[in-house]
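These entries record what I looked up, beginning with a single side chain and then turning to aromatic rings.

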Amino acid sequence: MGNDAFDGIRVVELAQWVFVPVAGALLADWGADVIRVENPAGDPYRGLATQGIGTDSDGINLSVALANRGKRSVALDLRTDEGRKLLDKLLETADVFLTNFRPAVLRRYGLDSAELTRRFPKLVYARGHGFGVRGEGADRPGYDSSAFWAQGGMAHVLTPPDRDHPINQRGALGDRNGGMALAFGIATALLKRERSGEGSVVDVSLLATAMWTLSSDVLAALAGGKPRATAGRGGAVNPLVGAYGTKDGRHIQLVFLQADRYWADFCRLVGREELIEDPRFADLKARAENLEACVAELEAEFAKRTFEEWKELLTGIDAPWAPVQAVEELLTDPQVLANDYIGEVETEDGRKYSLPNVPVQFDERPAALGRAPEHGEHTETVMLELGYSWEQIAELKDAGAIP
């Protein structure tokens, strides 16, 4: 399949910031011609300074690069009649219209789903939003830190109960999860169109993405419970599921869900065979009844060895565990490197930079990542493709439809 699964598919993207543009980037990774339409001032995300990877970076704006890799950029002023007509010309060539503009704005420009699906029956109309397209919140502005993190319950379940205020979300956490769901929805709609000849309207909200991410907690709530964060100490329910501190202040995560299967082998591995016969820890039920005592034994054992010593020792047991790593350690993680989870982009002037790769691979190969476009970089090229002459392009500039 290579890098061309969506070869021949044109996506017209009228979107800003991260959530919906990420979906477009994922389609571009696999060969779609994604034309992002920006206003003359550009996507405001281009101006965001964040974590040294935006406008506060010394080089490439990596935030923009990640959300817009492999696309082309056209600058249009949709407030002008000529700019709006240009967008219509683009839509006539489109397989997918991708947007995160709010319903009232889309209606004002004649770009609502009812209008475009009437005019273009084969079009896949895909929209990402904060709170869904029905109900009182349909027109509310929504970022992932509001719709996904706050209203979606993420902050509540992930904040330790001893804190007075919710913990903050990591950058664009909900946006990138929602973008993956939206790209999946678009791919599904394109498959349906291939079979039926009909387009579809695809919707993904950040609120729904949070609920899907928290499905286990939602199920618990549906069953009458009240999910709440735990303190994160090892063995909150099953002593063999939890994070344990090492001698040098790091942590190892055990996930021995089938605890009876692994208990004896683990005790032998660490040289504590006497614990196998200890009636307090004989089986899952006994260890649950003596939870604090079992956790105390494990905490004391883990405190005897360093992080690196534990990583080496635990290779001797065929059981699920992992080191609790810092993000910067992922950059040299052997599994990350072996599986090409970090991609490289090379620009025309020879500069190179790295980005997290799309988590999907085809035929054991990652996507070949393209660079993100400069604001309006492909405006004239796309106009020529649509049949405009240079004289007409000059007239559009004079009319203010394109910068």
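Entry 1. Does Arg-272 count as buried or exposed? I worked on a predicted model. I found a relative accessibility of 15% for Arg-272; the cut-off for buried is under 20%, so Arg-272 counts as buried. I located Arg-272 in the loop between helix 11 (259-269) and helix 12 (274-277).

Entry 2. I then looked up the surroundings of Arg-272. Its side chain makes a polar contact of 2.4 Å with the side chain of Glu-274. Leaving aside residues up to four places away in sequence, I noted that Arg-272 touches Cys-267, Glu-297, Glu-301 and Lys-304.

Entry 3. I recorded Trp-17 as partly exposed at 25% relative accessible area and Tyr-143 as partly exposed at 45%.

Entry 4. I next examined Phe-256 and Phe-266, whose ring centres lie 5.8 Å apart; their planes are at 75°, so the pair is edge-to-face. Phe-256 is buried, with a relative accessible area of 0%, and Phe-266 is buried at 2%.

Entry 5. Finally, I looked up charges over rings. Arg-305 lies over the face of Trp-310, at 5.0 Å from the ring centre. Arg-108 lies over the face of Tyr-109, at 5.7 Å from the ring centre.

Note on methods: Residues are numbered from 1 along each chain as its sequence is written. This is a predicted model: local features need pLDDT of at least 70, side-chain atom pairs count only at pLDDT 80 or more; totals for chains, interfaces and linings use all residues. Side-chain values use heavy atoms; hydrogens and water are left out. Helices (H or I, at least four residues) and strands (E, at least two) are DSSP runs, numbered from the N terminus. Buried means under 20% relative accessible area, exposed over 50%, partly exposed in between (1.4 Å probe, protein chains only). A polar contact is a pair of N or O atoms within 3.5 Å; within protein, one must be able to donate a hydrogen and the other to accept it, and residues adjacent in sequence count only if both atoms are side-chain atoms. Contact means heavy atoms within 4.5 Å. Rings of Phe, Tyr and Trp (its six-membered ring) pair if their centres lie within 6.5 Å; planes under 30 degrees apart count as stacked, over 60 as edge-to-face and the rest as tilted. A charge sits over a ring if NZ of Lys or CZ of Arg is within 6 Å of the ring centre and within 35 degrees of the ring normal.
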